[in-house]
Amino acid sequence: MFTKVYEKIKEILSKNYKELIFILIFMTLFTIPLPYYINAPGGLMNVSDRVVIENSYKSEGSLNMAYVSEIKATIPTLIMSIFNKDWDVLKEEEMTYENESIDDMYYRDHLMLEESVNNAIIVGFTKAGKNVEITSSSLMVTYIDEDSKTDLEIGDEILSIDEIEVNKSTDVSEILKNKNEGDTISLKVISDKKETIKTATLKKEDERLVIGILITNKKEVETIPKVELKFKKSESGPSGGLMTALSIYNYLTEEDITKGKTIVGTGTIDENGNVGAIGGVKYKLKGAVKNKAEIFLVPNGENYEEAIKLKKENNYKIEIIGVSTIDDALNYLMDL
């Protein structure tokens, strides 16, 4: 039986080998990833699909994150981008900082998502008058400037600077205030699971002393009631912080701040409730409009100005609200 099947397959291949070779070449060419990415308008992510809290209140409307669709370029998608005015082609190096690989970028973005989520929990529970406690806090190196003078590596956890314990970014700022340009500092770190000492020489940037690195504050929190956030491995970045905090607050309080409306927003959040700028506003706004959202919350400043400009140019009907803090967003939503 096997012999007959083998002979039949051999016969088919011998008669059609040219066509098969063409198909293989065609498929290979059209699936090879190229050193480009395509940014396009994304959709909406209902935050209630990501937040689970015991005995939470229900919502008539929805609080949604807006996101950017990021497509790894292939020949077909590059061709499609020529005819789609909402798609922008970016070189791989335009997606990252200098001296940073794509893998480094994804590592940084995933840590920033984790930081954003924990900040959102802290802010949401605090505003709702519920119990939240930071049980641990650590500083992770997520980026190193090309011209920085240090042997620090991405992924290092900073324990202390000049024998002073640090566990949040403000601790680092306080230490550096007492230093001078050109000073060399000693950092105790965990690197490759081992505790070691590394050094860095301080430089001046925008009239302040810096090490020349980016750090992310990794926290663990405990809450009453318990909260669980379910983000996918493919999701990263800090821009959903504001909407996550609002969703958590809405779950914990009896008054429904959505008032039955589809509310979309974007913006980072720190543990004090301050809202920070994000990238990709135009893609996020277009995604919100496409999905018939009624309200778009956006960080004040350049993000807000860009959104207003796009609204006027395209005659969008969506209401755009600029916010600097979570209180700005809550005050607006409560007055709907």
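How many helices and strands make up the secondary structure of the protein chain?

1. The protein chain has 8 helices and 19 strands, both taken as DSSP runs numbered from the N terminus (helices H or I, at least four residues; strands E, at least two). The model is predicted, so local features need pLDDT of at least 70 and side-chain atom pairs count only at pLDDT 80 or more, while totals for chains, interfaces and linings use all residues. Residues are numbered from 1 along each chain as its sequence is written, and side-chain values use heavy atoms, with hydrogens and water left out.

2. Along the principal axes, the C-alpha atoms fill a box of roughly 80 × 55 × 50 Å. Of the 336 residues, 41% are buried, that is, under 20% relative accessible area with a 1.4 Å probe, protein chains only.

3. Contacts are defined by heavy atoms within 4.5 Å. Among those between residues at least 6 apart in sequence, 75% join residues at least 24 apart.

4. Helix α6 (residues 281-290) is largely enclosed by the rest of the structure, because 7 of its 10 residues are buried. These are V281, Y283, K284, L285, K286, G287 and A288. Just after α6, K292 takes a positive phi of about 60°.

5. Helix α3 (residues 102-127) and helix α5 (residues 241-252) have axes that come within 8 Å and cross at roughly 35°; axes are lines fitted to C-alpha atoms over the stretch in contact, with angles from 0 to 180 degrees between N-to-C directions. Residues of α3 including S116, A120 and F125 meet residues of α5, among them T244, I248 and L252.

Note on methods. Buried means under 20% relative accessible area, exposed over 50%, partly exposed in between (1.4 Å probe, protein chains only).
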